[in-house]
Amino acid sequence: MLVTFDNALGRVVGALVWLACAFIPCIFVMITIDVSIREVLKITPPLFTSTIVEYGLLYITMFSAPWLVRQRGHVAIEAVVQTMPPSIREALAKVIYFVCAVTAMWFAYLSVQLFIEAWISGNLDVRGIDMPYWSQFLPMPFGYGLVSLEFLMFLLGVRHYYTYDLGEVKEGV
């Protein structure tokens, strides 16, 4: 059952990372057009560009983070981990998985609270374009919640973060 859940989780995480990847060229084009209008044509570019880019970067971060955990793309000191005896390494890994899962879930909870508060207030983020204030909190519960689930899969033994050798890390870079 956990494997089935993990597979479904992988599909959701994969879809979000593809969405994040789609945002990147859009942001690139927006910045290029903004700078070109400003520097080449010497006219004022659209005011919304910086706001949309800032929001886009936040969404990219939140949509990519669960995928990075799934791919073991976060920082790990492999040289230290590999020198530990297996029993200590496994126990320490479980503690780390637990701390990471709980921390991410706490951030998800806090971001839900911020989202609800912003939704109820109805405030706008007034800059180059008026954006609902809640929209900056919208991706956070999903991103942190999925990160927590990814670490939970490691904690429950569905996958292991520290099971690859250093050669595999070097080849992937």
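Angles under 35 degrees count as roughly parallel, over 145 as roughly antiparallel, 65 to 115 as roughly perpendicular and the rest as oblique. By that rule α2 and α5 are roughly parallel to each other. The model is predicted, so local features need pLDDT of at least 70 and side-chain atom pairs count only at pLDDT 80 or more, while totals for chains, interfaces and linings use all residues. Residues are numbered from 1 along each chain as its sequence is written, and side-chain values use heavy atoms, with hydrogens and water left out. Helices (H or I, at least four residues) are DSSP runs numbered from the N terminus.

**Packing of α2 and α5**

- The axes of α2 and α5 come within 8 Å and cross at roughly 5°; axes are lines fitted to C-alpha atoms, for helices over the stretch in contact, and angles run from 0 to 180 degrees between N-to-C directions.
- On the α2 side the contact (heavy atoms within 4.5 Å) is made by L58, Y59, M62, F63, A65, P66, V69 and R70.
- On the α5 side the residues are P139, M140, G143, Y144, L146, V147, E150, F151 and F154.
- These residues divide into 14 nonpolar, one polar and two charged, where Ala, Val, Leu, Ile, Met, Phe, Trp, Tyr, Cys and Pro count as nonpolar, Asp, Glu, Lys and Arg as charged, and the others, Gly among them, as polar.

**Nonpolar cores**

- The largest nonpolar core has 13 residues, and L9 and F63 have the most contacts inside it. Such a core is a set of buried Ala, Val, Leu, Ile, Met, Phe, Trp, Tyr and Cys residues joined through side-chain atoms within 4.5 Å.
- Two or more residues of this core come from each of α1 (2–39), α2 (48–70) and α5 (139–155).
- A second, separate core of eleven residues includes A65, V147, F151 and L155.
- Neighbours within four places in sequence aside, F63 is in contact with L16, V17, L19, A20, F23 and P139.

**Helix α5**

- The 17 residues of α5 reach 24 Å from first C-alpha to last, close to the 24 Å expected at 1.5 Å a residue; the expected span is 1.5 Å times one less than the number of residues.
- Of the 17 residues of α5, 13 are buried, so the helix is largely enclosed by the rest of the structure. Buried means under 20% relative accessible area, exposed over 50%, and partly exposed in between (1.4 Å probe, protein chains only).
- G157 follows α5 and has a positive phi, near 85°.

**Helix α4 and S111**

- The end C-alpha atoms of α4 are 52 Å apart, which agrees with the 52 Å that its 36 residues should span at 1.5 Å a residue.
- Its buried residues are R89, A93, Y97, A101, A104, A108, S111, F115 and A118.
- An α-helix has 3.6 residues a turn, so residues three or four places apart point the same way.
- S111 is found in α4 (residues 86–121) and counts as buried at 2% relative accessibility.
- Beyond its neighbours within four places in sequence, S111 is in contact with F137, M140, P141 and Y144.
- Just after α4, G122 takes a positive phi of about 70°.

**Y55 in α2**

- Y55 is placed in helix α2 and is buried, with a relative accessible area of 6%.
- Not counting residues up to four places away in sequence, Y55 touches D125, R127, M131, P132, S135 and Q136.
- Y55 and F137 are 82 residues apart in sequence and 9.9 Å apart in space, C-alpha to C-alpha.

**K42 in the α1–α2 loop**

- K42 lies in the loop between α1 and α2 and counts as exposed at 62% relative accessibility.
- Although K42 is not a glycine, it has a positive phi of about 55°.
- Most residues other than glycine have a negative phi.
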